[in-house]
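Hello,

Here is the structure for you to look over. My notes follow below it.

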Amino acid sequence: MAPLPGAELVQKPLQLYRYLLRCCRQLPTKGIQQHYKHALRQSFRVHSDEDNPERIQQIIKRAIEDADWIMNKVGAPPGSACELG
């Protein structure tokens, strides 16, 4: 399955964080949104000291794949996008 719109623009951790927060806004209920926002913040803190560029790119790629899976799993509204603005 293809990544969500805007995923190809994500190159840095802060861009990834903003992109994933936008994805959270597209989730169907406030409870689900809060759950994934909390998980996102925790993961960002855990990896904040990562300085290996290859590892950072691996994390970004995996996070985008996971976001795509979650958006499909929970049935985000049709036409919803997590585009970078």
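Start with the face of α2 that is turned away from its buried side: Lys 30, Gln 34, Arg 45 and Val 46 are the exposed residues there. Exposed is over 50% relative accessible area, buried is under 20%, and partly exposed is in between (1.4 Å probe, protein chains only). Helices (H or I, at least four residues) and strands (E, at least two) are DSSP runs, numbered from the N terminus.

Some ground rules. This is a predicted model, in which local features need pLDDT of at least 70 and side-chain atom pairs count only at pLDDT 80 or more, while totals for chains, interfaces and linings use all residues. Residues are numbered from 1 along each chain as its sequence is written, and side-chain values use heavy atoms, with hydrogens and water left out.

Now the other side of α2. Its buried residues are Gln 33, Tyr 36 and Leu 40. They sit on the same side of α2 because they cover an arc of only 75° around the axis. That arc is taken from the directions from the helix axis to the C-beta atoms. An α-helix has 3.6 residues a turn, so residues three or four places apart point the same way. The buried residues of α2 pack against α1 and α3.

α2 has 17 residues and reaches 24 Å from its first C-alpha to its last, close to the 24 Å expected at 1.5 Å a residue. The expected span is 1.5 Å times one less than the number of residues in the helix.

- Gln 33 is in helix α2. It counts as buried because its relative accessibility is 11%. Leaving aside neighbours within four places in sequence, Gln 33 is in contact (heavy atoms within 4.5 Å) with Cys 24, Arg 25 and Leu 27.
- Leu 20 is in helix α1. Its relative accessible area is 11%, so it is buried. Not counting residues up to four places away in sequence, Leu 20 touches Leu 40, Ala 63 and Ala 67. Leu 20 and Ala 63 are 43 residues apart along the chain, yet their C-alpha atoms are separated by 8.3 Å.

On to α3. Its buried residues are Ile 56, Ile 59, Ile 60, Ala 63, Ile 64, Ala 67, Asp 68, Ile 70 and Met 71. What covers them includes α1 and α2. The 22 residues of α3 should span 32 Å at 1.5 Å a residue, and the end C-alpha atoms are 32 Å apart, which agrees.

Next, the largest pocket. It holds about 630 Å³ of space. A pocket here is an open set of points on a 1 Å grid over the protein atoms alone, where a 1.4 Å probe fits, with protein on both sides within 12 Å along at least five of seven lines; lining residues have an atom within 4 Å of a point. Points are joined across faces, edges and corners, and the volume is the space filled by probe spheres set on them.

The lining has 26 residues, and Leu 16, Leu 20, Leu 40, Ser 43 and Ala 63 lie nearest the pocket's centre. Elements giving two or more residues are α1 (13–25), α2 (30–46) and α3 (53–74). α3 gives the most, with 10 residues. By class, the lining has 18 nonpolar, four polar and four charged residues. Ala, Val, Leu, Ile, Met, Phe, Trp, Tyr, Cys and Pro count as nonpolar, Asp, Glu, Lys and Arg as charged, and the others, Gly among them, as polar.

Finally, the whole chain. It has three helices and zero strands. Of its 85 residues, 32% count as buried. Among contacts between residues at least 6 apart in sequence, 69% join residues at least 24 apart.

Best wishes
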